[in-house]
Amino acid sequence: MSYTLAEFINKCRFSLTDCLNEQGQDEVLKLVKSVIFDKKLISECFPMGVSDERRVLFEDPELGFCVCSHVYENKKGFPHDHGPTWAIYGQVSGNTEMMDWERVGAQGSDGSFNAKMSRNYTLRPGDVYLYRVGDIHSASCSALSEVIRIEGENTDKIKRSVINVFQ
Ligand SMILES: [Fe+2]
């Protein structure tokens, strides 16, 4: 089945009646996996000639979830969480060098904490990953990389944890 962006958003909304419900997040993960090569949807999300690093294509006024497109080139990412929310990363083209991180030790009085890298892997076209609330990761790429992202709420507006790299 092929989707327009509006149809895809409706399917997400149907699954995400509560954005913190992990079952709903899993359903959206499956949905993104099923559409990651959908030419109609992807051409709507990544129009020719548009290379903004981040575009919020849709933000749900009631539930708060967002559909975003990201176009990165030679980007070095640092470990981060998604504050109170989660994010699904779907690799459309190019590769993302991804690292997962885990907390080390106690949280500082300012709320910051240390983290060490626990896993590294490559997201290739068609790969889709869900990062739950509290998961820490970093994303880098050495060439052009197009990623569709679904966020439980708009991460432009959230407060993220301060994370120090544990040596
Ligand atoms: Fe992230």
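Reader: Which residue of β7 does C68 stand opposite?
Author: This is a predicted model, in which local features need pLDDT of at least 70 and side-chain atom pairs count only at pLDDT 80 or more, while totals for chains, interfaces and linings use all residues. Residues are numbered from 1 along each chain as its sequence is written, and side-chain values use heavy atoms, with hydrogens and water left out. Strands β2 and β7 pair in the antiparallel sense over nine bridges, where pairing requires that DSSP finds at least two bridges between two strands and a strand is a DSSP run of E with at least two residues, numbered from the N terminus. In β7, the residue opposite C68 is R149.

Reader: What is the bridge partner of Y89 in β7?
Author: Strand β3, which covers residues 87-93, pairs with β7 in the antiparallel sense over six bridges. Within β7, the residue that forms the bridge with Y89 is R149.

Reader: How many of the 16 residues of strand β7 are buried?
Author: A residue is called buried at under 20% relative accessible area, exposed at over 50%, and partly exposed in between, using a 1.4 Å probe and protein chains only. Besides β2 and β3, strand β4 also pairs with β7, in the antiparallel sense and over five bridges, with M98 opposite A139. Strand β7 (residues 136-151) is largely enclosed by the rest of the structure, because its count of buried residues is 12.

Reader: Which residue in β8 stands opposite N114?
Author: Strand β5 (residues 113-123) pairs with β4 (residues 96-104) in the antiparallel sense over nine bridges, and A115 in β5 is opposite R103. Strand β5 is also joined by three bridges to β8 (residues 163-165), and these two run parallel. Opposite N114, the residue in β8 is N164.

Reader: Which residues coordinate the iron ion?
Author: Donors are N, O and S atoms within 2.8 Å of the metal (3.2 Å for Na, K and Ca), and sites may look incomplete since water is not among the atoms. Along the chain, the donors of the iron ion follow the spacing H-x1-H-x6-Y-x47-H. At 2.0 to 2.1 Å, the coordinating residues are H80 (NE2), H82 (NE2), Y89 (OH) and H137 (NE2).

Reader: What arrangement do the four donor atoms around the iron ion make?
Author: Two of the residues at the iron ion have a computed burial, since H82 counts as buried at 0% relative accessibility and Y89 counts as buried at 5%. Four donors count as tetrahedral if all angles lie between 85 and 135 degrees. Because the donor atoms subtend angles of 91 to 131°, the arrangement is tetrahedral.

Reader: What is the phi of N74, which is not a glycine?
Author: Most residues other than glycine have a negative phi. N74 lies in strand β2 (residues 66-75) and is exposed, with a relative accessible area of 53%. Its phi is positive, at about 50°.

Reader: How many disulfides does the count come to?
Author: A disulfide is a pair of cysteine sulfur atoms within 2.5 Å. C141, which is buried at 9% relative accessibility, has its sulfur 17 Å from the closest cysteine sulfur, in C68, which is too far for a bond. By this rule, the number of disulfides is zero.

Reader: How far from C45 is the nearest cysteine sulfur?
Author: C45 is buried, with a relative accessible area of 0%, and it is in no disulfide. The nearest cysteine sulfur belongs to C12, at a distance of 10.0 Å.

Definitions and conventions:
Tetrahedral: all angles 85-135°; square planar, octahedral: opposite > 155°, others 65-115°. Helix = DSSP H or I, 4+ residues; strand = E, 2+ residues; numbered from the N terminus.
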